[in-house]
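Me: I am new to this structure and would be grateful for a close look at a single part of it.

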Amino acid sequence: MLEDLTAAAASPTAWPAAYPQGYAVVDVETTGLARDDRIISAAVYRLDARGEVEDHWYTVVNPERDPGPVWIHGLTSEMLEGAPLFADVAAEFAARLEDRVLVAHNAVFDWQMIAREYARARSEAPVRQRLCTIALSKELGLPLPNHKLESLAAHFGVVQRRAHHALDDARVLAEAFRPSLRAAAAGGVRLPLHECRPLTEWSDRPRIGQQASYGGRTPSSWRPSRKRPACPYPNPGRYEPGKRLKQGMRVAFSGDTSTERDLLEDRATEAGLHVATSLSRLTSLLVTNDPDSGTSKTVKARQYGTPVVDEAAFGQLLANVEPASES
């Protein structure tokens, strides 16, 4: 299949009408990976519908805190001291994102960081969909040894000059995205688009027992693992639509939420529910705002017949959780 897509991408092709009209290829460098970490530099390459570069933009940002792993991103406190705050560049950043699909390598990380910075600035990023180039490379069946940006770049012969510099990483990704997009169009591949939801309720309090390391960040998730206390109640089975949740039910979450995921999970735990990190036949309920996203959890929910509700419905259910049955 890969050879067919590559050959077709090199020749003129009818462009899929359902494809987006423009893209914003984004990279952000940050002080770390946790929810209280900050963006210290950002870059955007704007591309047209067929992946051709229109322009690019770059800024450093004063994070109002220690810059974190300087040995990785190279930005010291002295270099960032006179830089603008995120609130100062938010409007310009937004203008670069407006009416475009946000494209990033491990897009959930970049989007969550961007969404949080806009929330701090009491604003919203004007972008409603994102595309992860890791997911796209999987859809195309690219023979990559791993999911690092350098591997994607090498596959398409793109030279990386300054790894972990936002402007160069965005340039590299833009150059690798263009042939990926053309191959997808030539093969009629459905782009792995996901909804971007602005963050409206969040907390910056540091996590206890945080163990993430910036240099070891993996493409699967940017959220450091948390150890939750074991649920004291037995699983009473699946949630039945129209009825109440019951203490002990296993609840899983997937995709973006307007309320920070950790806060939702904390509230579920406090209500006596079991927060599950994966979905199995024992899962009582899946909470997602995008049931057609194609994530592993939504796919398994369909396979197992697991009930699905959105964030708003879950919030209402949390207000009236039935106590566990007495043994």
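This is a predicted model: local features need pLDDT of at least 70, side-chain atom pairs count only at pLDDT 80 or more; totals for chains, interfaces and linings use all residues.

Reply: Residues are numbered from 1 along each chain as its sequence is written, and side-chain values use heavy atoms, without hydrogens or water.

Cys132 is buried, with a relative accessible area of 16%; buried means under 20% relative accessible area, exposed over 50% and partly exposed in between, with a 1.4 Å probe and protein chains only. Cys196 is also buried, at 1% relative accessibility. The structure holds zero disulfides, a disulfide being a pair of cysteine sulfur atoms within 2.5 Å.

Helix α6 covers residues 133-140. Helices are DSSP runs of H or I with at least four residues, and strands are runs of E with at least two, numbered from the N terminus. In α6, Thr133, Ile134, Leu136, Ser137 and Leu140 are buried. These residues fall within an arc of 160° seen down the axis, so they line one face of the helix; the arc is that of the directions from the helix axis to the C-beta atoms. Just after α6, Gly141 takes a positive phi of about 70°.

The open sheet has six strands in the order β3-β2-β1-β4-β5-β6, with mixed pairing; two strands pair if DSSP finds at least two bridges between them. Its edge strands are β3 (53-60) and β6 (193-195).
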